Amino acid sequence: MAEIHFERWQQVARFHNPLKAGELDEQEIEVRLDPLTGHQSIFNSALADKTAILFPPTDEEYLEKRAEETKAQCFLCDGKWRQMTPRYSGKVLPEGRLIKNDVVLFPNLFPLAAYHAVVMLGSRHYLHLNDFAASMLKDAFAVSLEFIRRCHECDPDTVHFTINANYLFPAGSSVLHPHLQVLGAPFPGTQERSLLKKSRRYFEEHGSCYWLDLAATEKRLQERWLGDLEGSSWFTAYAPMGVNEVNAITPSARHFLEWSDAEISGIAEGIARTLTAYFGLGFSTFNFSCFSAPINGEGPEFRSFLRLINRQNAVPHYRADDYYFQKLLGNEIIIYTPEHLASVITEEF
Ligand SMILES: [Zn+2]
């Protein structure tokens, strides 16, 4: 087992600041590098006062109105999914759809991969972030994993899967009704390819698994550590790819087909707790992606890995939270330092 080294650089920006009567202002900028990928996140403490401008609080009245307006047309509400959602062929899923309590998995009408399923999260059209029940998320992960197992059985070349979520329009969702998306293809996506390749290189250099080393280092340092839940370890990201990023790994499961009830429960519970903490911070939207080693893989270099982030809050005429700095330069801005964020979210753990 190797200790993970967290690298950071400092820079200073100097200018005459009209907000300080034209005085020469010095602002310290910290650049953090992700230990595996080199992804950069910057923190400028002067931005702390701008949080309300960068991420204005959710307009609850507006959001309730949007929810009300879209509910009548929703193809999932009031049991309409029974008539209006597509079904898989008998080869993949003889039952057409997978149903567990009030979650339902069915094909995406406009797939982005050979296997692209949508998982409806319950019958309620709109949920506050503190209303995503762990039991519902657990059912959603259970049907997602069952879908992955069936896809792989009927098409053994399909070994690259992710389980993902977009919640609300600022997070890219075209359907307001809460749902997950499962993607499966013979080839890894951009991020997955990079994570797998860099994890392999780390393993060859250090003789240990980056993800286990990362969790052990975060646990020892404590400043970003949230805790161990069943089958999963939780912490905030040192150099986040998105706002308020929380990560989880599954120490005993390299890929999705190795998940047992423990991983399903722990991941569902941790997501529910983090979303409750996001709600407490005044956020209303999120994305997550959960990665896995190739599901025929035997490599010891990877563990399932979750990234969970906030997106811009739901307000009329909202401003996108990824501009050139994120979308094209591939960097991110830190709003709350990961250490402060951990001190807030840990209350839910
Ligand atoms: Zn709905």
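Visitor: Which side chain makes a polar contact with the side chain of arginine 311?

Guide: A polar contact is a pair of N or O atoms within 3.5 Å. Here, in this predicted model, the side chain of asparagine 287 pairs with that of arginine 311 at 2.8 Å. Asparagine 287 also has a side-chain polar contact with the side chain of asparagine 166, at 3.0 Å.

Visitor: Where does asparagine 287 lie, and is it buried or exposed?

Guide: Look at strand β12, residues 286-291. Buried means under 20% relative accessible area. Asparagine 287 comes in at 12%, so it counts as buried. Leaving out residues up to four places away in sequence, it touches several others, among them Ala165, Tyr167, Leu308 and Ile309.

Visitor: On to the metal. What are the protein donors of the zinc ion?

Guide: Cys74 and Cys77 each give SG, while His125 and His177 each give ND1. These donors sit 2.1 to 2.3 Å from the zinc ion. Their spacing in sequence reads C-x2-C-x47-H-x51-H. Cysteine 77 and histidine 177 link distant parts of the chain, 100 residues apart. Cysteine 77 is in the loop between α2 (60-71) and α3 (81-84), and histidine 177 in the loop between β7 (160-167) and β8 (179-185).

Visitor: Why is the arrangement around the zinc ion called tetrahedral?

Guide: Four donors count as tetrahedral if all angles lie between 85 and 135 degrees. The four donor atoms here subtend 104 to 118°, so the arrangement is tetrahedral.

Visitor: Are cysteine 77 and histidine 177 buried or exposed?

Guide: Apply that 20% cut-off again. Cysteine 77 is buried because its relative accessible area is 1%, and histidine 177 is buried too, at 0%.

Methods
Residues numbered from 1 in each chain as written. Predicted model: local features only at pLDDT ≥ 70, side-chain atom pairs only at ≥ 80, totals over all residues. Heavy atoms only, no water. Donors = N, O, S within 2.8 Å, 3.2 Å for Na, K, Ca; no water. Tetrahedral: all angles 85-135°; square planar, octahedral: opposite > 155°, others 65-115°. Helix = DSSP H or I, 4+ residues; strand = E, 2+ residues; numbered from the N terminus. Buried < 20%, exposed > 50% of the residue type's maximum accessible area, 1.4 Å probe, protein only. Polar contact = N/O pair within 3.5 Å; in protein donor to acceptor, adjacent residues only side chain to side chain. Contact = heavy atoms within 4.5 Å.
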